[in-house]
Amino acid sequence: MHKKFIFQNIRRFYYYIVSYILVCFLIFYIYKNIPNYENGLKLTLLSLSIDGVDASSDKLIEKIVNSDPNFLEKNIKSKYLRKKNETLLKELKNRNILSIYLIFQYRGRVFILLDSNNRDKIPKISIFIPEDMDMEYIHRAKESKKKQIYIQKDIDILGFTLVKPIVIEDSVKAFLVIDYTQKSYNSLVSLLTLSSKIIIIFLILIVILLSILILLFIKNAYKKNRLYINPKTGTFYRNYLSDNYEKIDFTNYYIALADIDFFKRINDIYGHKIGDKILNAIIIKIAEKIDGNDMFIQYGGEEFLFLIYKKNLSIKKFKIKLEEIRALVESLNIKVRGEKLKVTISIGAFIQTNLATSLQDAIQKADSALYESKHSGRNRISYFDISKRRIIYRERLKDLIEKNNLICFYQPIKNLKDFSTHHYEALFRLKDRDTLIYPNEILPELENSYFYSRISMKIIEYNVRLLSLDRNFKVSINLTSDDLVNESIINLLIKNRKVADRMLIEILETKNVDYTKLENSIQRLKPYGYKICIDDYGSGYSNLSHLLNLSIDYLKIDGSIIKNIYHDKKAHALILALSIFCKQNDIIIIAEFVENREILNTLKKFEIEYGQGYYFDKPKPYKEIKK
Amino acid sequence: MRLKNLLLIMIIPVLGFTNFNIEKINELLSSIKKHEKSIYYFSNNRAFISKLSIPKSRDLNSADIIIFPKSKNITKSVIVNSFEKLKSNKNSIGAIYLKKGRTQILFVEERLKARGFSLSKKYKRYIIKECYLNEFCPFNNIN
């Protein structure tokens with residue numbers, strides 16, 4: 001059941017193994033073929049290195065031959081001519097060349113006609129017996145009428161030899177032979193030898209590195225295996241889920257949460273030790289019903305999470321499977337201290353996981369169904385089923401958002417001294433033909449989904465357009481703390497920084513706020529002129545940490561506190577404390593829910609600068625405000 | 001100084017002989033026959049002859065061919081160590097020497113025949129006519 005998941009990154013492991021095999025094969029192949037490649041490269045290198053001499057030798061041959069097809073016969077007959085030509089040969093010599101000589105073939109024998117090393121006053125033609133390799137390349141030069149370069153392997157004092165055919169009237173008359181020293185050859189190829197060794201060493205290092213990676217991978221997998229898998233039952237621990245949360249595509253699974261009924265009693269009666277043994281025995285039995293692609297996770301003490309793979313398993317078969325598990329547990333006869341113990345299990349399942357916003361959301365829905373099972377008598381299975389009507393409604397909302405049916409109404413924030421309008425709070429609605437849909441009908445449906453942040457982006461875009469048209473208009477928009485750690489939203493605000501001085505951001509707190517990230521976002525936006533306000537302070541998730549950890553400019557006190565301010569001592573004291581705190585920290589207070597004159601007067605006594613509420617005006621469309 | 005020179009004199013011949021194609025020399029010398037029989041070689045140059053895997057005699061008298069003789073007065077068939085010596089020493093049937101780093105092995109056809117030696121035809125590239133010892137003789141007919 002779980003073996004598939006031992007290697008988390010099984011693909012990476014395969015890549016390592018394949019790379020390892022390929023590199024080993026490559027090393028073997030290179031090692032075997034290095035002599036061939038070396039030889040070829042050496043000859044290329046030699047050929048390039050003798051370019052200068054090669055070009056000069058062409059000129060030398062021209063001088064010796066002098067366009068005379070009978071030059072050979074003339075040189076044989078004239079020692080003076082040979083003397084003169086030998087002098088020319090000597091001019092071509094350098095420290096890398098051992099000797100330069102001109103040979104010719106006559107009646108199957110080879111003779112040296114001219115020799116740069118000749119010290120005799122009268123140069124003689126001498127018979128010459130080339131080695132077998134020399135003869136081979138002389139023959140090749142004759143056949144191809146092209147120069148040949150070859151490495152001298154058997155003659156210690158020589159490195160390599162150049163044989164150049166002298167062709168006159170398309171016939172090879174003689175050969176110019178240049179013997180290079182061993183030293184010159186060695187210096188040319190030493191770099192090549194070094195580089196081929198470096199390549200081999202490099203490849204070996206890669207093999208070693210890959211070996212280490214593979215070993216580390218296996219070691220890591222083994223460690224994780226021990227961390228993730230219960231060795232007694234073979235099931236996953238909960239930490240497997242939390243570590244691989246993002247990697248699991250929950251929409252591929254049906255999700256079920258199961259809990260052993262009255263297990264606490266078993267622990268109380270028999271002790272935890274026996275309780276654990278009973279638990280393991282139940283788990284092992286249930287595990288037999290779980291297939292290879294499924295996941296069976298010990299979610300809590302006696303709580304299990306099943307992720308049952310959807311492919312090729314219909315809803316009906318899934319329900320049958322759960323029923324089999326329930327029945328299996330019910331049928332167990334567990335022997336404890338000579339007694340037979342019966343246990344039952346309650347299960348909650350969620351089938352339409354494609355409608356869940358996250359794995360956690362899906363588990364929560366299964367948990368709701370489990371709650372249903374527990375409270376309906378236990379030893380049963382319940383299903384969390386999203387109604388079709390609700391599905392259709394959610395899709396309609398998404399459609400309205402995408403088709404730019406989002407509009408804003410504006411409610412003024414007034415200066416409590418002179419009742420001038422400081423700015424307007426933008427409150428969004430969705431226009432559905434002639435009907436307006438309000439946030440309290442929209443947001444719960446789309447909470448934690450991608451569309452939640454889409455709404456925020458639409459609100460920003462809507463107000464940026466408005467502020468670009470009306471340069472005297474100033475608004476505040478509502479964003480959640482999740483929005484402000486969303487890079488797309490931050491980038492959108494930065495992109496539209498030209499309106500920053502007229503757009504106040506009201507942060508609505510959600511649970512699990514990462515203050516560090518939120519403060520970082522605030523610090524990124526403030527330089528552009530954005531002002532920050534904590535919205536609904538005093539309700540929901542808002543707490544003192546906001547005031548202590550965030551660099552805010554405004555604080556909007558929630559209406560639930562303001563509405564009781566003139567008759568509630570606690571609200572009174574809280575507002576007083578807040579106003580002192582904010583004054584000392586240059587934070588401007590805005591009071592919501594200013595419904596009547598009494599509230600207004602009380603707020604004035606606290607010297608609270610701004611207020612918002614139906615006492616001043618209700619939210620209206622922009623066109624109505626401008627009238 | 002004297003010791004250095006002495007050492008040089010001792011080492012050079014050995015070093016010289018390390019450049020020879022010993023395999024080729026062995027092959028050719030082993031193939032020489034006299035009246036179809038194997039022949040024995042002798043040389044005072046122990047450094048050289050020790051490298052050869054050919055039938056060797058203990059002394060000069062019982063040898064058929066002397067390799068690199070020091071004396072010019074030996075009447076037996078000799079193999080000399082230069083083309084010049086091959087030319088000048090009429091008792092020499094052949095020469096072994098280095099030219100351009102290559103091992104040169106030459107036998108004179110007429111001299112081999114006169115002394116009853118024979119060499120397989122496959123080695124004909126190593127056998128020259130007497131006239132080849134003369135510089136211009138081979139090219140008398142060249143136009």
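**Entry 1: confidence**

Since the model is predicted, I began with the scores for the complex, and I found that the predictor gives an ipTM of 0.85 and a pTM of 0.47. I then asked where in chain B confidence is lowest and where it is highest.

**Entry 2: the build of chain B**

I counted 5 helices and 9 strands in chain B, and, reading from the N terminus on, I wrote down their order as α-α-β-β-β-α-β-β-α-β-β-α-β-β. I next looked up burial, and of the 143 residues of chain B, 24% count as buried. For contacts in chain B between residues at least 6 apart in sequence, I recorded that 32% join residues at least 24 apart.

**Entry 3: where chain A meets chain B**

I turned to the two chains together and found 17 residues of chain A in contact with 17 residues of chain B. On the side of chain A that touches chain B, at least two residues each are supplied by helix H3 (71-77), strand S1 (97-106) and strand S3 (126-128) of chain A. Which element gives the largest share of that side? I found that S3(A) does, with 3 residues. Sorted by class, the side of chain A that touches chain B has 10 nonpolar, 2 polar and 5 charged residues.

**Entry 4: two helices of chain A**

My last look-up was a helix pair, and two packed helices are described by the angle between their axes and the distance between the axes. The axes of helix H2 (residues 51-65) of chain A and helix H4 (residues 79-92) of chain A come within 10 Å and cross at roughly 170°. Angles over 145 degrees count as roughly antiparallel, and H2(A) and H4(A) are therefore roughly antiparallel to each other. I listed the residues that meet: from H2(A) they are Val53(A), Ser56(A), Ser57(A), Leu60(A), Lys63(A) and Ile64(A), and from H4(A) they are Asn85(A), Leu88(A) and Leu92(A). By class, I noted 5 nonpolar, 3 polar and 1 charged residues in the contact of H2(A) with H4(A).

Methods:
Residues numbered from 1 in each chain as written. Chains lettered and ligands numbered in written order. Predicted model: local features only at pLDDT ≥ 70, side-chain atom pairs only at ≥ 80, totals over all residues. Helix = DSSP H or I, 4+ residues; strand = E, 2+ residues; numbered from the N terminus. Buried ≥ 20, exposed ≤ 12 C-beta atoms within 10 Å, placed from the backbone. Contact = placed C-beta atoms within 7 Å. Nonpolar A, V, L, I, M, F, W, Y, C, P; charged D, E, K, R; others polar. Axes fitted to C-alpha atoms, helices over the stretch in contact; angles between N-to-C directions. Parallel < 35°, antiparallel > 145°, perpendicular 65-115°, else oblique. pLDDT = per-residue confidence, 0-100.
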